[in-house]
Amino acid sequence: YWTVETSGDEPDDFYPAVRAQVIKTGDGWAGLGYSLDNFMPDSFAIISTDGNAPEKYELVSRSDPVILSEESQTLVDASTELVDGDLVMSFTKSLAEDGEVEIGEAGVDWGYFLYAYGDASLAYHNAERGPLQIDLAPVCDPNATFAPTPPPTVTASPTADAGCDSD
């Protein structure tokens with residue numbers, strides 16, 4: 001689920017921001033990244049591991065992500081909980097932060113979201129990952145408000161040729 005917020009309790013320069021909720025069937029870990037080129041290296045991600053609140057990471061290679069410094073952990077309302085056995089990760093993130101990939105408020109030309117999830121080690125997610133493009137803006141009226149997107153239904157794992165190497 002997601003929605004874009006243009007104002008709130010944070011300083012004005014925090015907005016626009018995306019408020020998101022990621023639901024992973026079962027426990028384990030989940031991550032939502034943002035990339036200019038559809039690949040992990042030189043990208044960033046928000047990851048929840050072991051039931052801990054989500055944190056921001058830099059994806060410097062196709063191996064273990066690097067957790068950002070404490071002063072770069074700028075997520076608001078970040079939480080993770082198990083609901084009926086499923087991992088639910090929630091957060092609000094500014095779309096434009098110094099030193100990170102800027103997430104576009106409208107259109108999909110800015111880049112890609114990346115997703116990954118797993119039940120065991122964060123470093124290994126095999127086919128449980130892939131890219132997706134989401135236009136965060138309402139289509140008809142830029143001043144319209146809208147409900148969060150419905151949860152996706154995943155019927156099959158993405159294939160290895162979906163923009164990621166199968167290391």
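Q: Where is D77 found?
A: D77 sits in strand β7, which covers residues 76-83. Keep in mind that this is a predicted model.

Q: What about its backbone, what is the phi of D77?
A: The phi of D77 is positive, about 55 degrees, although the residue is not a glycine.

Q: What is the phi of D84?
A: D84 has a positive phi of about 50 degrees, and D84 is not a glycine either.

Q: Where is D84 found?
A: D84 is in the loop between β7 and β8, with β8 spanning residues 86-94.

Q: Buried or exposed, for D84?
A: Exposed, at a relative accessible area of 79%.

Q: Changing topic: which peptide bond is cis?
A: The bond from Y15 to P16 is cis, and its omega is near 5 degrees.

Q: Where does P16 lie?
A: P16 has its place in the loop that runs between β1 (2-5) and β2 (17-24).

Q: On to the rings. How many aromatic pairs does a search of the whole structure find?
A: The search finds four aromatic pairs. One of them is Y34 with F44, which is stacked, at 6.1 Å centre to centre and 20 degrees between the planes.

Q: Which strands do Y34 and F44 lie in?
A: Y34 belongs to strand β3 (residues 29-35) and F44 to strand β4 (residues 43-48). The two residues are 10 apart in sequence, so their pair ties together those parts of the chain.

Q: Why is that pair called stacked?
A: Because planes under 30 degrees apart count as stacked, and the planes of Y34 and F44 are at 20 degrees.

Q: Is Y34 buried or exposed?
A: Y34 is buried, with a relative accessible area of 1%.

Q: What sort of pair do W110 and F113 form?
A: W110 and F113 form an edge-to-face pair, with 5.3 Å centre to centre and 80 degrees between the planes.

Q: And are those two buried or exposed?
A: W110 counts as buried at 13% relative accessibility, and F113 counts as buried at 6%.

How values were computed
Residues are numbered from 1 along each chain as its sequence is written. This is a predicted model: local features need pLDDT of at least 70, side-chain atom pairs count only at pLDDT 80 or more; totals for chains, interfaces and linings use all residues. Side-chain values use heavy atoms; hydrogens and water are left out. Rings of Phe, Tyr and Trp (its six-membered ring) pair if their centres lie within 6.5 Å; planes under 30 degrees apart count as stacked, over 60 as edge-to-face and the rest as tilted. Helices (H or I, at least four residues) and strands (E, at least two) are DSSP runs, numbered from the N terminus. Buried means under 20% relative accessible area, exposed over 50%, partly exposed in between (1.4 Å probe, protein chains only).
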